[in-house]
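Colleague: I would like to learn how to read a model like this. Let us take one feature at a time.

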Amino acid sequence: MQPFVIIALVLIIARAVTELWLTRLNRFHVRAHRTEVPPPLRGVMDESTYRRSVDYTLAKSRFGNVVNVFDAVVLIAVLFSGLLPWGFGKFNANFGSSIWATAGFLFVVGIALSIPGLAFAWYAQFRIEQRFGFNTTIIKMWIVDRLKGLLLAVLLGYPLLVLVLKLIEWAGASWWLWAAGVVVAFQLLLLLIAPAIIMPLFNKFTPLPQGALRERLFALAQRKRFPTRSIEVMDGSKRSRHSNAFFTGFGRFRKIVLFDTLIAQLTELEVESVLAHEIGHYKKRHVIKMLGVSIGGIVMAFAAIAWLARQQWLYHTFGFEYQPGFDAPNVVPAILLFALLAGTITFWILPLIHIWSRHFEYEADAFAAATMGETQSLIQALRKLSEKNLSNLIPHPLYSSFYYSHPTLLERERALRVAG
Ligand SMILES: [Zn+2]
């Protein structure tokens with residue numbers, strides 16, 4: 001076997017095996033504590049809710065194992081069967097090697113690879129989420145959602161792909177820097193237009209009705225100098241009983257969005273503390289820092305693709321023809337290989353990314369506590385949310401380091417008590 005075949009196989013299998021192992025650790029950990037509510041929450045959470053959160057965690061982890069193994073098998077099959085070079089050759093023969101056709105090939109491969117995921121997404125929504133009482137989506141809406149997603153990909157993703165490939169011919173050796181610039185600009189544009197154009201395609205947003213809650217939240221935003229054009233309620237309940245809150249848009253276009261489920265589950269004071277936490281993310285500059293890191297990630301991704309596109313041996317390993325020079329068909333195999341294999345490497349930096357994002361959560365919690373002048377309302381809100389969402393209260397520490405962007409309820413409570 002050629003060295004890169006072995007490296008690719010090791011990367012894929014190491015990731016899959018590690019994921020299975022982490023899940024196994026987590027299942028044992030959760031099972032070992034299944035009979036009693038964790039001490040800090042005794043008297044707060046009842047036994048039956050806790051038991052259900054354990055069952056929900058175990059059901060999701062069994063399903064996650066199936067998805068992991070399936071993904072690894074498909075990835076190996078797609079990479080080593082010669083399917084991609086064969087398809088690329090067929091596509092070229094039928095549609096030519098124009099930029100539009102080449103981008104079309106990438107697009108079609110992307111769609112084809114996402115099809116098995118649809119079956120899994122269906123199962124997660126209509127079997128697991130349904131069983132635990134979270135699902136409120138009807139199948140027709142679920143299908144329409146997917147079609148809307150596909151339409152957006154065709155209208156936005158495909159032209160972007162064409163532009164990136166055009167840059168290879170226009171800019172020569174420095175194409176990848178230009179391409180990274182274009183993708184970053186596109187992302188920023190998306191952030192600007194999403195609240196006005198894309199999100200309303202999926203949900204209805206209505207202004208929070210006049211009343212005590214609205215006054216309370218606007219007063220908080222004003223007190224914290226958080227310019228807000230509107231506070232809106234999103235009909236999240238039409239898909240799921242899970243709840244959330246976030247803000248979108250920039251500057252004076254900013255709006256705060258609360259899920260209707262969140263308003264139904266929390267008291268006014270608790271909603272205020274959740275908003276204070278969200279404002280904390282903004283005031284502590286988390287949003288801009290995250291954006292900076294994502295821009296860095298995009299530049300690194302294109303640098304990696306440009307490097308891969310110069311590795312003749314790599315092309316031959318996976319059955320592609322190699323022609324030196326800067327035109328789109330020569331770079332397409334590098335883009336494909338990157339898209340398929342990048343996840344096997346980025347998986348290993350997840351714990352680092354999560355240390356960072358959890359640090360942000362603690363900062364936002366501390367900000368909320370300082371803003372509210374007390375910690376109790378945020379603690380109550382977090383307790384209710386993790387109860388309603390059946391969150392796993394005691395993940396295995398190694399498991400949570402890979403998969404949890406937020407600290408657990410108990411970790412947040414502990415930090416809040418120290419702050420308070
Ligand atoms: Zn947060």
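Modeller: Start with contact, which means heavy atoms within 4.5 Å. Leaving aside neighbours within four places in sequence, Asp235 is in contact with Asn203, Lys204 and Asp260. This is a predicted model, where local features need pLDDT of at least 70, side-chain atom pairs count only at pLDDT 80 or more, and totals for chains, interfaces and linings use all residues. Residues are numbered from 1 along each chain as its sequence is written, and side-chain values use heavy atoms, with hydrogens and water left out.

Colleague: Where does Asp235 lie?

Modeller: Helices (H or I, at least four residues) and strands (E, at least two) are DSSP runs, numbered from the N terminus. Asp235 lies in the loop between strand E2 (230-234) and strand E3 (245-248). The chain has 16 helices and four strands.

Colleague: Is Asp235 buried or exposed?

Modeller: Buried means under 20% relative accessible area, exposed over 50%, and partly exposed in between, with a 1.4 Å probe and protein chains only. Asp235 has 19%, so it counts as buried. Pro116, in helix H4 (residues 99-131), is partly exposed at 27%. Over the chain, buried residues make up 46% of the 420 residues.

Colleague: Which protein atoms are donors of the zinc ion?

Modeller: Donors are N, O and S atoms within 2.8 Å of the metal (3.2 Å for Na, K and Ca); water is not among the atoms, so sites may look incomplete. Here the protein donors are His277 (NE2), His281 (NE2), Glu361 (OE) and Glu361 (OE), at 2.0 to 2.8 Å from the zinc ion. Their spacing along the chain is H-x3-H-x79-E. His277 lies in helix H9 (residues 268-283) and Glu361 in helix H13 (residues 350-372), so the pair ties together parts 84 residues apart in sequence. His277 is buried at 5%, and Glu361 is buried at 7%.

Colleague: Why is the arrangement around the zinc ion irregular?

Modeller: Four donors count as tetrahedral if all angles lie between 85 and 135 degrees; four count as square planar and six as octahedral if opposite donors are over 155 degrees apart and all others between 65 and 115; anything else is irregular. The four donor atoms here subtend angles of 51 to 135°, which makes the arrangement irregular.

Colleague: What does Glu272 contact, apart from its neighbours within four places in sequence?

Modeller: Glu272 is also in helix H9, and it is buried at 6%. Beyond those neighbours, it is in contact with Arg216, Leu217, Leu220, Arg223 and Met372.

Colleague: Which residues touch the most other members of the largest nonpolar core?

Modeller: A nonpolar core is a set of buried Ala, Val, Leu, Ile, Met, Phe, Trp, Tyr and Cys residues joined through side-chain atoms within 4.5 Å. The largest has 49 residues, and Tyr50, Leu217, Ile256, Leu258, Leu262 and Leu266 touch the most other members. A second, separate core of 47 residues includes Ala16, Leu75, Tyr315 and Ala334.

Colleague: What is the radius of gyration of the chain?

Modeller: It is taken over C-alpha atoms, and the globule rule is 2.2 Å times the number of residues to the power 0.38. With 420 residues, a compact globule would come near 22 Å; the chain has 24 Å, which agrees. Its C-alpha trace spans about 65 × 50 × 40 Å along the principal axes. Of the contacts with a separation of 6 or more, 76% join residues 24 or more positions apart.
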